[in-house]
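Welcome! Here is a short tour for anyone opening this structure for the first time. Take a look, then follow the points below.

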Amino acid sequence: MTTPATTTRTVLEATGVTMRFGGLTAVRDVDLTVDTGEIVGLIGPNGAGKTTFFNCLTGLYTPAEGTISYRGTRLSRKPHLVTQAGIARTFQNIRLFANMTVLENVLVGRHTRTKEGLWSALLRSPGFRKAERDSEQRAMELLDFTGLATQRDHLARNLPYGEQRKLEIARALASEPGLLLLDEPTAGMNPQETRATQDLVRAIRTQGTAVLVIEHDMRFIFNLCDRVAVLVQGQKLVEGTADTVQADERVIAAYLGTPTDPTTPPGETPATTDDTGATP
Ligand SMILES: Nc1ncnc2c1ncn2[C@@H]1O[C@H](COP(=O)(O)OP(=O)(O)O)[C@@H](O)[C@H]1O
Ligand SMILES: [Mg+2]
């Protein structure tokens, strides 16, 4: 096996990112980095600004302040150029082409990586047909990888919810990203599907794509992530390993409201990681 050329190169570097909607500052002065080979979690209560931060990273929103670089180069503010640079994403609200097949959805995700131009496509030149075959082969590999190969000809809208989320991941991977952003990938999944998604994210990392993931399922986050950042009211409150973040009282308070609130119902505390017997 070959070893990676570098082990700690920064993939994503966001510095001082601020995003406002009228009078509301949804993201305030947020710094975040993701290194090669890392899985980083982004958590925080509803409305904390997590999705807005993703939208800033991917060029959907233009932040009022801050800089965002991918592998040392400032990113364009145009979403398709961000994808071309190497950042792919999935959406909190699934965005698939409902009336296209599973395979076609993945092929759409490949278009930023195919070099054949419009005329080549219209004339169906040999180069175009070769590119098309290569794309289809790669798309099938991704469907195998995500466990959707047998559904290749099904319409996306007929897939169960959990598989639609997987298809979004397959489509995102089709652009061959160096960084994958996942916005609540396990929302609506049962525990078995969630566990499978955990394995899938690990496999994605193993294949050389760094991952930044937003998720409410704390077990998923703390099992999976090398590092976790907590966003509260648009600001980064804490960042560290799963253990550091779980032990931080400010995080608990942010999720529960006032820490001393006697009316807080039991069972609403953030879930802890799987018991792996690590405690001495
Ligand atoms: N396009 C928008 N226009 C105005 N306000 C927005 C927009 N998008 C998000 N917001 C507001 O920004 C805040 C952060 O939202 P969001 O990023 O969706 O939070 P999260 O993903 O952490 O739940 C919320 O108060 C939300 O209402
Ligand atoms: Mg969100």
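Alanine 229 faces glutamate 239, which belongs to strand E10. This pairing comes from a predicted model, and it is a handy place to start. Strand E9 (residues 227–232) runs antiparallel to strand E10 (residues 235–240), and five bridges link the two.

**The E9–E10 hairpin and its other neighbour**

- Another pair to look for is leucine 231, whose bridge partner in E10 is lysine 236.
- Two residues lie between the strands of this hairpin, and glutamine 233 has a positive phi near 45° there.
- On strand E9, five of the six residues are buried, so the strand is largely enclosed by the rest of the structure.
- E9 also pairs with strand E3 (residues 39–43), this time in the parallel sense and over four bridges.

**The whole chain at a glance**

- The protein chain holds 10 helices and 10 strands.
- Of its 280 residues, 37% are buried.
- Take the contacts between residues at least 6 apart in sequence: 67% of them join residues at least 24 apart.

**A four-stranded open sheet**

- Four strands form an open sheet in the order E2-E1-E4-E5, and their pairing is antiparallel.
- Which strands sit at the edges? They are E2 and strand E5 (73–74), each of which pairs on one side only.
- Strand E1 (residues 10–21) and E2 are joined in the antiparallel sense by eight bridges.
- One pair to find here is methionine 19 with its bridge partner in E2, valine 27.

**Around ligand 1**

- The residues surrounding ligand 1 are Phe21, Leu24, Ala26, Gly44, Asn46, Gly47, Ala48, Gly49, Lys50, Thr51 and Thr52.
- Strand E2 (24–35) and helix H1 (50–57) are the elements that give two or more residues to this shell.
- H1 supplies the largest share, with three residues.
- Sorted by class, the shell has four nonpolar, six polar and one charged residues.

**The largest nonpolar core**

- This core has 67 residues, and the members that touch the most others are Ala170, Leu179, Val211 and Leu212.
- The core lies between domain 1 (10–86 + 179–270) and domain 2 (92–176), because both give residues to it.
- Beyond its neighbours within four places in sequence, alanine 170 is in contact with Val106, Leu142, Leu143, Thr146 and Leu148.

- In general, most residues other than glycine have a negative phi.
- Glutamate 176 has a positive phi of about 55°, even though it is not a glycine.
- You will find glutamate 176 in the loop between helix H6 (161–173) and strand E7 (179–183).
- Is glutamate 176 buried or partly exposed? It is partly exposed, with 16 other C-beta atoms within 10 Å.
- Glutamate 184 likewise is not a glycine, yet has a positive phi of about 55°.
- The loop that holds glutamate 184 runs between E7 and helix H7 (191–206).
- Glutamate 184 counts as partly exposed, because it has 19 C-beta neighbours inside 10 Å and a buried residue needs 20 or more.

**Residues that meet across the sequence**

- Aspartate 217 sits in the loop between strand E8 (210–214) and helix H8 (218–224).
- Why does aspartate 217 count as buried? It has 20 C-beta neighbours inside 10 Å.
- Leaving out residues up to four places away in sequence, aspartate 217 touches Thr186 and Thr194.
- Aspartate 217 and threonine 186 are 31 residues apart in sequence, with a C-alpha to C-alpha distance of 7.8 Å.
- Arginine 202 belongs to helix H7, and it counts as partly exposed with 14 C-beta neighbours inside 10 Å.
- Between the C-alpha atoms of arginine 202 and glycine 37, which are 165 residues apart along the chain, the separation is 9.8 Å.

Technical notes. Residues numbered from 1 in each chain as written. Chains lettered and ligands numbered in written order. Predicted model: local features only at pLDDT ≥ 70, side-chain atom pairs only at ≥ 80, totals over all residues. Core = buried A, V, L, I, M, F, W, Y, C linked by C-beta atoms within 7 Å. Buried ≥ 20, exposed ≤ 12 C-beta atoms within 10 Å, placed from the backbone. Domains from an automatic or database assignment. Contact = placed C-beta atoms within 7 Å. Near = placed C-beta within 6 Å. Nonpolar A, V, L, I, M, F, W, Y, C, P; charged D, E, K, R; others polar. Pairing = 2+ DSSP bridges.
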